[in-house]
Amino acid sequence: MSKQSKNSASSSDVLIDLEAEFQASNIQEVLEKLDRELIGLIPVKTRIRETAALLLVDRVRKQIGLSSGAPSLHMCFTGNPGTGKTTVALRMAEILHRLGYVREGHLISVTRDDLVGQYIGHTAPKTKEVIKKAMGGVLFIDEAYYLYKPENERDYGAESIEILLQTMENNREDLVVILAGYKDRMDKFFHSNPGMRSRIAHHIDFPDYGPEELVSIAKLMLTSQNYCFSSAGEDAFGKYIRLRMQSEHFANARSVRNALDRARLRQANRLFSGIKKSLSKSDLITLEAEDILASRVFLNNSRDSNKLIDSGEANKT
């Protein structure tokens with residue numbers, strides 16, 4: 001038997017305990033953290049697990065000499081605001097670090113203003129400085145489509161894109177770039193920048209949350225802040241969410257967080273101005289229905305209903 005045949009035979013006899021490799025990587029801890037942090041998003045979590053599995057198998061292949069070249073890890077996260085894109089990017093950075101695909105595993109989050117200058121000669125050093133900080137980790141560019149403004153001949157975003165493209169190609173083993181933004185705008189951005197599209201291997205779409213999921217998110221946020229809803233308060237918040245979701249600038253979990261901040265403000269004012277001056281722990285941590293129902297969302301909805309009644313539209317189907 002030739003030497004090459006012997007090597008081939010010995011390689012085929014190697015047995016890999018993939019479960020042991022998985023446990024040793026400690027990525028299960030990150031995936032569990034992601035499950036705790038984010039309600040729902042099953043398609044997103046599934047893609048992250050699939051990507052983690054791909055990288056784990058790739059690492060095992062390298063251990064027995066089955067290298068197939070460095071995998072392309074650059075990603076695009078699309079979806080509306082408040083759907084968990086930044087949180088998933090943070091956990092993805094951890095997974096990449098634990099599997100040895102980035103040296104440090106930190107996340108640098110930026111927007112156009114951090115990358116693009118306002119005059120000639122300003123953009124290149126700004127972009128390169130950001131890239132330098134992100135090396136060894138993940139660079140997360142939110143609303144990445146704002147880098148490209150073809151209608152403005154004096155815009156310097158194209159220069160930043162060119163530097164990013166070079167870095168994404170030449171430093172694939174030391175930097176992962178994640179672009180994020182609205183899906184329709186990212187599609188237009190990629191159409192206008194085919195070089196960027198060709199470097200993005202993983203596209204993950206983040207769906208909007210449903211009303212029940214948003215209430216669960218609110219309860220999770222309150223628990224982390226040592227607050228809770230009363231039963232009536234939770235019902236009121238469910239009604240609030242259904243109305244708030246109809247507004248133009250609704251931003252999923254971000255809007256939930258803002259709503260809870262305002263509800264806590266109303267609760268504090270209710271407790272301070274109330275007759276009851278001796279407060280229990282339950283008083284201090286509980287958001288009641290009145291803390292929710294005082295929102296302008298209910299007032300505005302009432303006004304809209306009155307307008308429909310006045311115009312006769314309320315009786316139309």
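The following dialogue examines how the descriptions of this predicted model rest on computed values.

User: What makes up the secondary structure of the protein chain, and how are the elements defined?

Analyst: The protein chain has 16 helices and 7 strands. These are DSSP runs numbered from the N terminus: H or I over at least four residues for helices, E over at least two for strands.

User: Why is the protein chain called more spread out than a compact globule?

Analyst: The radius of gyration, taken over C-alpha atoms, is set against a globule rule of 2.2 Å times the number of residues to the power 0.38. For 317 residues the rule gives 20 Å, and the chain has 25 Å, well over that value, so it is more spread out than a compact globule. Along the principal axes, the C-alpha trace spans about 90 × 55 × 45 Å.

User: What share of the residues is called buried, and by which cut-off?

Analyst: Buried means under 20% relative accessible area, exposed means over 50%, and partly exposed lies in between (1.4 Å probe, protein chains only). Buried residues make up 41% of the 317 residues.

User: Why are the buried residues of α3 said to lie on the same side?

Analyst: In helix α3 (residues 27-37), the buried residues are Ile27, Val30, Leu31 and Leu34. They cover an arc of only 100° around the axis, and this puts them on the same side of α3. The arc is that of the directions from the helix axis to the C-beta atoms. Their packing partners are α2 (18-25), α4 (42-63) and α5 (85-98), where contact means heavy atoms within 4.5 Å.

User: How do you know on which side the buried residues of α9 lie?

Analyst: Helix α9 (residues 183-192) has Met186, Phe189 and Phe190 as its buried residues. Their arc is only 95° around the axis, which puts them on the same side of α9. The face turned away from that buried side carries the exposed residues Lys188 and His191. Among the elements covering the buried residues are β1 (75-79), α8 (157-170) and β4 (176-181).

User: Why is Lys126 called partly exposed, and which residues does it touch?

Analyst: Lys126, found in helix α7 (residues 123-134), has a relative accessible area of 22%, so it is partly exposed. Not counting residues up to four places away in sequence, Lys126 touches Asp113, Asp114, Leu115, Val116 and Gly117. Lys126 and Asp113 are 13 residues apart in sequence and 9.4 Å apart in space, C-alpha to C-alpha.

Notes. Residues numbered from 1 in each chain as written. Predicted model: local features only at pLDDT ≥ 70, side-chain atom pairs only at ≥ 80, totals over all residues. Heavy atoms only, no water.
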